[in-house]
Amino acid sequence: GDSMLPEFPEGVIIIIDPSGAVYDGCYVMAEIENEYIFRQLRIVDDKYYLQPLNDLYDTVEISGIDVIHGVITQQAGKRRSDRKHYRNDSEE
C-alpha cells in the first residue's frame, strides 16, 4: 500500500534479512495479529513502535522485537549510496 510513501512506493520490491540487526530507525517486517506489516521501528523510552512514513496511518506500539521477522536491507532497483563500481579490464 501507500503507508511507506514517499520512500517506498506501492508495489516496490524490498529485500528482507531475517537475521538483520534490529535498531531504532531501521525498516522492519513484523507480524501483528497474524498479519505482516512493513514499518519503521522506533524505540522511545524502552517502548517499541512501528511507524509508517505516511502520516495518514497510525503508529502501532508493539511488545518488543519478538514480533519482528526481518530487517529491510535493500529496495530493489534503487542504488545504494555506498555501492561500489569495479572496473572491468575490458573497459580500458
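Visitor: Which residue in S6 does Asp-17 stand opposite?
Guide: This is a predicted model, in which local features need pLDDT of at least 70, side-chain atom pairs count only at pLDDT 80 or more, and totals for chains, interfaces and linings use all residues. Residues are numbered from 1 along each chain as its sequence is written, and side-chain values use heavy atoms, with hydrogens and water left out. Strands here are DSSP runs of E with at least two residues, numbered from the N terminus, and two of them pair if DSSP finds at least two bridges between them. Strand S1 (residues 14–17) runs antiparallel to strand S6 (residues 68–75), joined by four bridges, and the residue of S6 that stands opposite Asp-17 is Val-71.

Visitor: Which residue in S6 stands opposite Ala-30?
Guide: Strand S2 (residues 27–32) also pairs with S6 in the antiparallel sense, over three bridges. Opposite Ala-30, the residue in S6 is Ile-68.

Visitor: How far away from Arg-39 is the nearest side chain of opposite charge?
Guide: Arg-39 lies in strand S3 (residues 35–44), and its side chain makes a polar contact (a pair of N or O atoms within 3.5 Å, one able to donate a hydrogen and the other to accept it, where residues adjacent in sequence count only if both atoms are side-chain atoms) with the side chain of Ser-3 at 2.8 Å. Lys and Arg count as positive and Asp and Glu as negative, while His and the chain ends are not counted; a salt bridge needs a side-chain nitrogen of Lys or Arg within 4 Å of a carboxyl oxygen of Asp or Glu. Arg-39 is buried (under 20% relative accessible area, with a 1.4 Å probe and protein chains only), yet it has no salt bridge, and the nearest side chain of opposite charge, Asp-2, lies at a distance of 8.0 Å.

Visitor: Why is Asn-54 called buried?
Guide: Asn-54 is found in the loop between strand S4 (47–51) and strand S5 (60–62), and its side chain reaches the backbone oxygen of Asp-2 at 3.0 Å. Leaving out residues up to four places away in sequence, Asn-54 touches Asp-2, Ser-3 and Leu-5, where contact means heavy atoms within 4.5 Å. Asn-54 is called buried because its relative accessible area is 12%.

Methods. Buried means under 20% relative accessible area, exposed over 50%, partly exposed in between (1.4 Å probe, protein chains only).
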